[in-house]
Amino acid sequence: MRADPGTATPALSVVHEMRLTWRYASGTAMERFLAGLAERRIEALRCGGCGRRYLPPRPFCGRCRLRLSDWVPVRDEGTLDAWTVVHLPIVDARTGEPRPVPYGMGLIRLDGADTTLNHYLAEADPDRLAIGLRVRAVWREELRGALDDILHFEVVP
Amino acid sequence: MSVAVAGVGESGPALDDPRSIPEIVLEAVEEALQEARLGFDSVDAVVTASVDLLDGLTASNIAVTEVVGAVLKPETRIAADGLVAAIHGSCLVRAGAYETVLVVAHGKASLGPYWELTSWALDPIFLQPLGLDFLACAGLQARALAEDDAAAEQRWARIAAERRRAAAAHGVAPACTAEDVLASPAVASPLRRESCAPLADGATAIVLRAAGPAEPGVHLGGVGFDLSPHALGERELTEWDGLRRAWARALAVHGTRPTLDVAEPSCVFAYEEDLFRHALELDPGTEVSPGGGLFAGFVPVAAGLSRLAAVVRALRGPGGLRAGVAHGTWGPAGQGQAVAILEAA
């Protein structure tokens, strides 16, 4: 028998709120990547085995099983590899508030990288988005070495 | 067919390691592979142990997929103590499924409030609302043991001091005396701060390989594990009967009862050594935690696998030791128990 959540007595459901804090170490590769963002510099890590230029940078190539240390420059402009327009609001980790919908989300292959980067798109009209479009980063005015130094990507006219 | 431990590698235990989990894990993996004289390509399958709640990440193995060489390979993830991962890995080898299996466990206690996090691993209806955590559960268990044993607290203080002294050179906490232990603040009466192993960060990796029974090296013999009821009220708290059952299974797999030269229990609290000795009916001649055991640094999840690595090192050492036992435990007050016999061939 299933209780209708709307009519369930308090005894049938115990409300639980989880508030916990973890402190992640970003690792030396991400440390350098984030520091670069503060200077509007994007860098990828290139694998000496397969030549893949990983962005975000990975310290280790899972395919070649090699440590990576060869940093290569990446432009802040690239190609849209996939996109979607989100209509269900999520909590924006940067503000703690629901992000206004609709908004565009893209997989962007920056010039100089072989993997794609997830990021917001300035454009949220499905009729104006297409795979293969050229997009470029819109930087925040005051850079602080964080992922959201890039606000979103806009379509290059 | 036998299962040999071809290589062991460890990172830590360390206090507040500034590195990321993949960086810590890679160090242990590279060391284990180097010892086994194998490259990543020789590894047929990977078994990892990690706990989402501790890592603040669901499917916490995704953080280490690359550095354990599991990309494009069969990987199994165990959300329990690392010794269970080793047992699972040994089953894969024994079944003939894979020849070489890499087993990796990691824990980073500095990432979050460890004891507070353990509260979330308890039953949410009855126990969490009381604010209970694994430390309080251990306090209840220790009290049940101390109630009719006036000498218990003094004995545990001596055990803690002895382990701390043995671990001081390579551990994360300095040596201290039994008096220091008894004078340290109570954390969950009768447990005192210094009678608990210090939390630490680290990773352990081992390479298991199919081997002939007489092939030189350390072999993984009988293994067993067991899970008791979750609720403390459904258990006899004054013993680790789950470990007794796990040990009986390990002996049944092993075929004979070996003379144990060394035992490496996963005792986070000094009182647990009493439970361990009792469950295994340990011979007084068996040396327990010669390097101080977890009092060198308790790395959650990796603890049991680090005990296996410690036994391997002891059996490889110049002492001519023949057999040892490694132990792992997880859950509140020793709910989960795992044990593995290791022998030098």
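## A proline in a chain A loop

A:Pro56 sits in the loop between strand 2 and strand 3 (60–61) of chain A. The peptide bond that links A:Leu55 to A:Pro56 is cis, with omega at about -5°.

Before going on, a word on the ground rules. This is a predicted model, where local features need pLDDT of at least 70 and side-chain atom pairs count only at pLDDT 80 or more, while totals for chains, interfaces and linings use all residues. Residues are numbered from 1 along each chain as its sequence is written, chains are lettered from A and ligands numbered from 1 in the order in which they are written, and side-chain values use heavy atoms, leaving out hydrogens and water.

Chain A has another cis bond to look at: the one from A:Val101 to A:Pro102, with omega near -5°. A:Pro102 belongs to the loop between strand 6 (77–86) and strand 7 (103–110) of chain A.

A:Arg65 isn't a glycine, yet its phi is positive, about 55°. You'll find A:Arg65 in the loop between strand 3 and strand 4 (66–67) of chain A. Is A:Arg65 buried or exposed? With 11% relative accessibility, A:Arg65 counts as buried (under 20% relative accessible area is buried, over 50% is exposed, and in between is partly exposed, using a 1.4 Å probe and protein chains only). Over in chain B, B:Ala59 also has a positive phi, near 55°, and is a residue other than glycine. B:Ala59 lies in the loop between helix 2 (52–55) and strand 3 of chain B, and at 28% relative accessibility it counts as partly exposed.

## The chain A sheet

Chain A holds an open sheet of three strands in the order 2-1-5, with antiparallel pairing. Strand 2 (53–54) and strand 5 (70–74) of chain A are at the edges with a single partner strand each, so one side of each has no neighbour in the sheet. Two strands count as paired if DSSP finds at least two bridges between them. Strands of a sheet pair through backbone hydrogen bonds, either parallel or antiparallel.

Strand 1 (residues 42–46) of chain A pairs with strand 2 of chain A over two bridges, in the antiparallel sense. Here A:Arg46 is opposite A:Arg53, which is in strand 2 of chain A. Helix 1 (residues 27–37) of chain A lies across strand 1 and strand 5 of chain A, running at about 155° to strand 1 of chain A. For such angles, axes are lines fitted to C-alpha atoms (for helices, over the stretch in contact), and the values run from 0 to 180 degrees between N-to-C directions.

## The chain B sheet

In chain B, ten strands make an open sheet with mixed pairing, in the order 3-2-4-7-1-8-12-11-9-10. Its edge strands are strand 3 (75–78) and strand 10 (287–288) of chain B, each pairing on one side only.

Inside this sheet, strand 4 (residues 100–108) and strand 7 (residues 201–211) of chain B pair in the antiparallel sense over nine bridges. Which residue of strand 7 of chain B is the bridge partner of B:Val103? That partner is B:Ile206. Helix 10 of chain B packs on the sheet and touches several strands, including strand 1 (2–14), strand 4 and strand 7 of chain B; its direction makes about 115° with that of strand 1 of chain B.

## Two helix pairs in chain B

Helix 10 (residues 303–316) of chain B also meets helix 3 (residues 82–94) of chain B: their axes come within 5 Å and cross at roughly 65°. The two helices are therefore roughly perpendicular to each other (65 to 115 degrees is roughly perpendicular, under 35 roughly parallel, over 145 roughly antiparallel, and the rest oblique). B:Gly82, B:Leu83 and B:Ala86 of helix 3 of chain B make the contact with B:Gly304, B:Leu305 and B:Leu308 of helix 10 of chain B, contact meaning heavy atoms within 4.5 Å. These residues divide into four nonpolar, two polar and no charged. The classes go like this: Ala, Val, Leu, Ile, Met, Phe, Trp, Tyr, Cys and Pro are nonpolar, Asp, Glu, Lys and Arg are charged, and the others, Gly among them, are polar.

Helix 6 (residues 152–167) and helix 9 (residues 272–280) of chain B pack at about 95°, with axes 9 Å apart. The contact here divides into two nonpolar, no polar and five charged residues. B:Arg163 lies in helix 6 of chain B and counts as buried at 6% relative accessibility. The side chains of B:Arg163 and B:Glu273 are joined by a polar contact of 2.6 Å (a pair of N or O atoms within 3.5 Å; within protein, one must be able to donate a hydrogen and the other to accept it, and residues adjacent in sequence count only if both atoms are side-chain atoms).

Definitions and conventions:
Helix = DSSP H or I, 4+ residues; strand = E, 2+ residues; numbered from the N terminus.
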